[in-house]
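Please open the model in your viewer and keep the selection panel at hand. The stops below are meant to be followed in order, with a new selection at each one.

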Amino acid sequence: MKTIRTVRKPAFLVLLMLFIPFNLAYGKGKAPVARGTRQASSSPAPSAPDGIKKINHIIWIIQENRSFDNYFGTFPGADGIPPDTCLPKMPGSRACIAPFHMPEGAPPCDLGHSWQTAHAGWDNGKMDGFVWAHGTTYTMGYYDQRDIPNYWTYAQRFTLDDRFFSSLNGPSFPNHVYTVAAQSGGVVVNVWTLKQLEEVVDDPEGFNFASMVDLFAKSDISWKYYEETPPRPPGHINLGILQGLNQTFPNPKKFSIWNPLPGFPQIRNNPALMARLVSLNQYFTDVASHALPQVSWIIPAFQDSEHPPAPPARGMWYVTGVLNALMKSSYWKDSVVFLTWDDYGGFYDHVPPPQVDAFGYGPRVPLIIISPYAKPGYITHQVGDFTSMLKFIEERYSLPHLTARDHHASDLSDAFNFSQSPNPPLAIPVPQVAKAESQKLVLLPCSYSPWVPLPGFVSEPTPHGSEKLTASH
């Protein structure tokens with residue numbers, strides 16, 4: 001081989017059992033992070049970098065399921081795929097798979113990225129188990145400027161971080177919880193419904209700890225959680241739900257794996273807070289009517305998410321439309337956009353993630369910092385995770401931290417120069433063909449299974465108890 005650079009109590013016990021095989025190597029002997037309380041931390045607000053108050057609007061665009069090497073592994077100057085990389089097809093095998101440019105239309109199925117699969121690929125930091133753990137050679141595929149030209153252009157004009165990691169070494173849902181609460185409450189699996197959440201966390205109310213929304217309420221910080229809501233064609237049955245992904249036609253008011261906020265009772269039971277969970281259509285209205293809040297999360301529907309088999313280019317043009325609206329508005333002058341992806345999606349990355357606690361970090365994901373004050377054409381190597389965005393928000397608005405994660409996280413300050421001449425906006429026209437493509441439905445037909453047995457591995461159930469189809473490549 002070449003050198004490689006659920007009843008309530010039982011459900012909760014399952015999580016502990018899944019954790020046990022990895023706790024010594026993964027957590028380095030540390031105890032699991034305790035579940036939080038509903039009270040936010042009373043610790044003093046962190047000190048802010050000079051000039052941060054030039055930022056008055058923070059927009060966080062969260063796409064789906066891409067590792068850094070999958071999108072930027074060949075980006076000039078970045079810590080990309082080592083030239084001699086070749087991963088074994090099976091544990092200990094001499095036969096190996098080298099990285100390759102992803103064929104058009106591939107992969108046709110979802111790559112596994114459960115807690116168990118992710119840890120097998122990570123392989124105690126050797127990063128050599130991706131092919132056999134994820135059950136497909138597509139894990140080694142990568143894209144480049146030919147495939148996602150706008151993302152590369154944003155990275156060239158603004159700041160790219162090549163040391164940014166997902167918060168948890170596992171799937172979408174717990175990572176999305178980190179984006180709003182700096183923890184997942186110990187959850188390491190995808191949770192599809194409020195009922196499942198109550199069983200998994202062993203609490204009839206759902207999450208019992210504080211989120212950023214609690215901090216915002218105490219300091220009168222305006223915010224919204226924007227979620228794309230494409231129109232449902234007449235007579236269409238939401239097959240995405242039946243296949244285990246309830247994001248084809250999402251409802252911003254409903255709990256989902258990409259919208260954890262209704263899982264917090266203090267939000268779910270407060271009509272004024274629930275009114276801030278809105279359609280992405282409202283984002284465009286708010287930008288045009290000078291009503292953009294201070295903090296925004298922007299979440300896609302499945303077909304624009306880049307989650308396989310959704311095409312990367314389609315998601316890229318969706319994001320371009322969101323950015324164009326901001327860049328053509330008066331808000332550009334005092335905004336920052338954090339453009340990132342919620343987890344690695346089963347795609348190979350060669351950099352071992354630092355192990356800061358029992359849950360993460362997980363593999364690298366791309367992060368592009370887009371702002372008048374982002375260093376132009378710069379690649380930062382500052383280590384961060386999703387709680388770094390929360391740290392930035394806390395420093396900007398003098399808020400206390402939520403957990404040890406955001407307290408110790410970097411604030412991504414290396415990406416900024418608040419003394420520089422502001423970067424001009426970069427609006428990229430969206431062609432008609434991309435607009436037409438955005439009307440097509442994308443469903444999740446299948447997923448890959450590991451090529452070797454993994455302890456505790458099961459195909460994740462759908463909201464209705466059925467299971468996704470499996471495929472091999």
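The tour below goes through a predicted model, one selection at a time.

**Helix 9 and its surroundings**

Begin by selecting helix 9, which covers residues 212-219, and colour Met212, Val213, Asp214, Leu215 and Phe216, which are buried. Then show the elements that cover these buried residues, which include helix 7 (172-181), strand 7 (223-227), helix 11 (265-268), helix 12 (271-274), strand 9 and helix 15.

To see the contact itself, display the side chains of Met212, Leu215 and Phe216 on helix 9, together with Leu390, Ile393 and Glu394 on helix 15. By class, this contact of helix 9 with helix 15 has five nonpolar residues, no polar ones and one charged residue.

**Aromatic rings**

Next, turn to the aromatic side chains, for which the count comes to 31 aromatic pairs. Which way are the planes of Phe216 and Trp297 set, given that their ring centres are 6.2 Å apart? The planes of Phe216 and Trp297 stand at 45°, so the pair is tilted. Phe216 belongs to helix 9 and Trp297 to strand 9 (residues 295-299), so the pair ties together parts that are 81 residues apart in sequence. Both Phe216 and Trp297 are buried.

Now select Phe173, Phe207, Phe209, Phe255 and Phe264, which ring pairs link into a cluster.

**Gln63 in strand 1**

Move to Gln63, which is placed in strand 1, residues 57-63, and which counts as buried because its relative accessibility is 0%. If you draw a C-alpha to C-alpha distance from Gln63 to Thr340, the two are 6.1 Å apart in space, although 277 residues separate them in sequence. Leaving aside neighbours within four places in sequence, the residues in contact with Gln63 include Tyr151, Asp304, Glu306, Tyr318, Thr340 and Trp341.

**Backbone stops**

The remaining selections concern the backbone. Go to Pro308 and Pro309, which are joined by a cis peptide bond with omega of about 10°; Pro309 is placed in the loop between strand 9 and helix 14 (312-327). Another cis peptide bond joins Gly360 and Tyr361, with omega of about 20°, and Tyr361 lies in the loop between strand 10 (335-341) and strand 11 (367-370).

Then select Asp202, in the loop between helix 8 (194-200) and helix 9, where phi is positive, about 60°, although the residue is not a glycine. Is Asp202 buried, partly exposed or exposed? With a relative accessibility of 22%, Asp202 counts as partly exposed.

Finish at Asp220, which follows helix 9 and lies in the loop between helix 9 and strand 7. Asp220 is not a glycine, yet its phi is positive, about 55°, and at 70% relative accessibility Asp220 counts as exposed.

Conventions: Residues are numbered from 1 along each chain as its sequence is written. This is a predicted model: local features need pLDDT of at least 70, side-chain atom pairs count only at pLDDT 80 or more; totals for chains, interfaces and linings use all residues. Side-chain values use heavy atoms; hydrogens and water are left out. Rings of Phe, Tyr and Trp (its six-membered ring) pair if their centres lie within 6.5 Å; planes under 30 degrees apart count as stacked, over 60 as edge-to-face and the rest as tilted. Helices (H or I, at least four residues) and strands (E, at least two) are DSSP runs, numbered from the N terminus. Buried means under 20% relative accessible area, exposed over 50%, partly exposed in between (1.4 Å probe, protein chains only). Contact means heavy atoms within 4.5 Å. Ala, Val, Leu, Ile, Met, Phe, Trp, Tyr, Cys and Pro count as nonpolar, Asp, Glu, Lys and Arg as charged, and the others, Gly among them, as polar.
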